[in-house]
Amino acid sequence: SSHMNDGNKIALTFDDGPHPVYTPQILDTLKEYGVHATFFLIGENAERNPELVRRILREGHEIGNHTYLHKNLKEHTSGGIYEEIALAEEVILRIADQRTKLLRPPGGLYDKLVCETAHRLDYDIILWTVDTLDWKYRNANTVRDAIMSKSKDGSIVLLHDLHGTSVDGAIKAIEQMLAGDYEFVTVTEILSRDGT
Ligand code: ZN
């Protein structure tokens, strides 16, 4: 049977924010087009920009825990890993009165101990399927092209709302892909389709 009308669902994910300049820029575009994304917040940055955390949630996006200080969790003891995750959780809970079950370890780096500790805190580890390398290129058109050429139905796309070029590239991709057969959804929406 044909599922042509279902479109291709893509989850854009923005890591390392909230950033006082670039996060509002991408939020404005997402709002304009009525699409949703997932923001993996660094606890320290959430603490500095609480109103942006609340705006992200108010506008229907999803948030994830990206630890408190963005350290390599593989270099930590169980206690250190626990603290990095739990501190970010505390900040989010305090600001937004809710928690998240999504954890993205900094750099995508994890091992068995990180997994066990994350699960103990009731988190699922979420990586990505498309790496735009936006942090490296720092060029909006290159970022747009990376998103557009690598994304397919079910993709989880890694971006950072720390750089103007990343946000501009994402905006260009959103505008062009929405004209095609694409839909932008949260990570949870992508994962909830697994096995169906
Ligand atoms: Zn990161």
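Modeller: Happy to! Please keep in mind that this is a predicted model.

Now to the part I would like to show you, the zinc site. Which residues hold the zinc ion? Asp16 coordinates the zinc ion through OD, while His66 and His70 each use NE2, at 2.1 Å. Along the chain, these donors follow the spacing D-x49-H-x3-H. Asp16 sits in the loop between strand E1 (8-15) and helix H1 (22-33), and His70 in the loop between strand E3 (62-65) and helix H4 (78-96), so this pair ties together parts that are 54 residues apart in sequence.

His70, with a relative accessible area of 31%, is partly exposed.

Strand E1 also takes us to a ring pair. Phe14 lies in strand E1 and Phe39 in strand E2 (residues 38-41), so you can follow a link between distant parts of the chain, 25 residues apart. The ring centres of Phe14 and Phe39 are 5.4 Å apart and their planes meet at 25°; the pair is stacked because planes under 30 degrees apart count that way. Phe14 and Phe39 are both buried, and the count of aromatic pairs comes to 1.

Technical notes. Residues are numbered from 1 along each chain as its sequence is written. This is a predicted model: local features need pLDDT of at least 70, side-chain atom pairs count only at pLDDT 80 or more; totals for chains, interfaces and linings use all residues. Side-chain values use heavy atoms; hydrogens and water are left out. Donors are N, O and S atoms within 2.8 Å of the metal (3.2 Å for Na, K and Ca); water is not among the atoms, so sites may look incomplete. Helices (H or I, at least four residues) and strands (E, at least two) are DSSP runs, numbered from the N terminus. Buried means under 20% relative accessible area, exposed over 50%, partly exposed in between (1.4 Å probe, protein chains only). Rings of Phe, Tyr and Trp (its six-membered ring) pair if their centres lie within 6.5 Å; planes under 30 degrees apart count as stacked, over 60 as edge-to-face and the rest as tilted.
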